[in-house]
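Hi everyone, thanks for coming. Please have a look at the sequence and the structure with me, and we'll walk through a few parts together.

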Number of protein chains: 2
Amino acid sequence: MKKIYMDNAGTTQIDPRVLREMMPYLKEKYGNASSIHSFGVEARTALDKSRKIVSKLLNCDTNEIIFTGSGTECNNLAIKGAVFNSMKGMFSKKKKHIITSSIEHHCVSDTVKWLGKMGHDVTFLPVDKDGLVDPEDVRKAIKKETLIVSVMMANNEIGTIEPIKEIGKICREKGIYFHSDAVQAFGKVPVDVKDLNVDMLTISGHKIYGPKGVAALYVKRGTKLDPLLHGGGHEFGVRSSTENIAGIVGLAKAAELIVKSMKTEVPKLTKMRDKLIKNILEVKNSRLNGHPTKRLCNNANFSFRFIEGEALNILLDEMGIAASTGSACSSTTLEPSHVLLATGLKHGEAHGSLRLTLGRFNTESDVDFVSKAIPKAVKKLRGISPFKKDW
Amino acid sequence: MKKIYMDNAGTTQIDPRVLREMMPYLKEKYGNASSIHSFGVEARTALDKSRKIVSKLLNCDTNEIIFTGSGTECNNLAIKGAVFNSMKGMFSKKKKHIITSSIEHHCVSDTVKWLGKMGHDVTFLPVDKDGLVDPEDVRKAIKKETLIVSVMMANNEIGTIEPIKEIGKICREKGIYFHSDAVQAFGKVPVDVKDLNVDMLTISGHKIYGPKGVAALYVKRGTKLDPLLHGGGHEFGVRSSTENIAGIVGLAKAAELIVKSMKTEVPKLTKMRDKLIKNILEVKNSRLNGHPTKRLCNNANFSFRFIEGEALNILLDEMGIAASTGSACSSTTLEPSHVLLATGLKHGEAHGSLRLTLGRFNTESDVDFVSKAIPKAVKKLRGISPFKKDW
């Protein structure tokens, strides 16, 4: 059976060009980048080159790029690192205030919640029905103790693109750190850290046709972070661990490829996405979640009344289509999406959601196949649904 | 020029059998292990299988294995995770006491120092001239507020094997957590977490002919840790991040191979190590650092008077030999080794050290070549040394 993968927000296939770049570092170039011998120099050279590539793509200096093991780690480091650094001791009674949105990925929201549990003061900003944060809400939430604001650049479930530049401007005015999780946005939306007014920004390898287990955090010079991982002093002392050279080389190559191809790929994905949306919305009692225009070029997120998203996904999988109900991370729990709930959907509607996220390796014929399969699948499930049958 | 790699404590070449196992997960099996579709199931199956392999090798249950991004992360998680969990709020004035040795890898010692800086109470235990921790010193250091003891299983610089089982027994009696960094020991010394009386234990991929960027922490059931990385709730809620399946599969395969081959590899490495030690100690004014018998089968660490270890390593590199002065992490700093200083060496002696660490791919002829090269290199450097020339 032909398989169609439309879960590219969950993870992506490694581009063969990326893997080719990685292979020497999985084979003969196995040195530790901290060693002074030739094997070490070889690894260090690859590390430096990768850092140069990524920093150039984000428009920053090389020593403003910190490689880590995941987007989750970058987001935890940005927020906890800033908070720990500001505390000057755990028993100082110096409570900090942290602001974030109510539709962040769990790796931001759970980090902030944990800091809240530990005694800090936290604010979760609301979003409108399309998932947009209002920059004025950020301004109003800021107080004397506010240390950091973290708002994602584009949402992983509904694809809504947030007004990062405007939020960043407000944080700059107020002298507050601003971090943005750009894991989903990078490579689909232009990301220039200077233009965006961010102090920290996260990108991840496996969302851009690179490997899993590697990511990068932009940290503006002067931003004070305590490490989450103490040790040998790698990554300018901010993130110790023997550098995962193969992974870092892969991340850099993947980043380079996706930025270079944005001009052609973004219009192609947008066209496929719009065709998908048009076709799927012909299903009765369906709706598009997220913003109609301010959305990622590859994201289509629907709700279908009277059915369960999980059942729909399982049925689609049997038909050879890999989709998702929401974020991959939460797909094994039975909780409805906190993102859809924040946009005002009721529990039942939030449960009936389907996320299709296109990628580099999808074709027009994939879109056609999926456009036909979904109405069939929805019909089948509604046929056995206990809800009222007025569709 | 033929190159001889004798820095296997720094990092190791990936075994081709490990890489072969990883490749499908870098190519067609690219699913996110949290996704419910077939790509996700495929990844989850590989993850579960890897966990089963590692848990069996360490003699624990599958849900006692936490995969992370590095040995450094495991060690940070074990210690900080336990401390954070015990605090119940950052402003609770519940100071904890942490005990460790003075020869730990920086990822343990700097973690403990940071907790000290943050207001906790910390103790660094001395070692004897061979680098051994006295279990009785652990017993004496324990007080009412002691939460956790962390002592490495074998030292990364001098290869000394610590009396972990005895220290673990004392911690059990006192009801205190005991963590051991077994990154260097695993695969060279039998590691059975039940037999060793440990509550937590770290192993790492790239030290055992597996990939960089992946490691595992054994966490005994009932051990309470707060995550360092909050997020999607991966790894039983202890370490969030999309699982690095290729890396984890590689770690499991590498662990399986090294444990399976211990019977043949350990005697082979021991024989080569002893030959190396015998040959090198013929150099005048040289000494072996670390314990004469309680040492890793692949570790030989020497001090040569009147010369600098760094210069020696650079010269050896030119002769095609990759060695190290101490740990790879600190090889780019000019600080003398804290491990050698702790064993009582003076600054000058600690600076003149050379670490040779053998591995699976070294041969007898490598040993012969190195045995001839080192006396030559030492002689050459002493010839230009400003110190008194009575060797």
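How many bridges join β9(A) to β10(A)? Four, and these strands run antiparallel. Helices (H or I, at least four residues) and strands (E, at least two) are DSSP runs, numbered from the N terminus.

A quick word on the ground rules. This is a predicted model, where local features need pLDDT of at least 70 and side-chain atom pairs count only at pLDDT 80 or more, while totals for chains, interfaces and linings use all residues. Residues are numbered from 1 along each chain as its sequence is written, chains are lettered from A and ligands numbered from 1 in the order in which they are written, and side-chain values use heavy atoms, with hydrogens and water left out.

Back to our strands. In chain A, the order β9-β10-β12 makes an open, antiparallel sheet of three strands; two strands pair if DSSP finds at least two bridges between them. β9 (286-289) and β12 of chain A are at the edges with a single partner strand each, so one side of each has no neighbour in the sheet.

Now the helix: α9(A) lies across β10 and β12 of chain A. After α9(A) comes A:G320, with a positive phi near 90°.

Finally, the two chains. Chain B can be laid on chain A by a turn of 180° and a shift of 0.0 Å along the axis, with an RMSD of 0.0 Å, superposing by least squares on the C-alpha atoms of residues with pLDDT of at least 70 in both. The two copies are thus related as by a two-fold rotation axis.

Technical notes:
Contact = heavy atoms within 4.5 Å. Axes fitted to C-alpha atoms, helices over the stretch in contact; angles between N-to-C directions.
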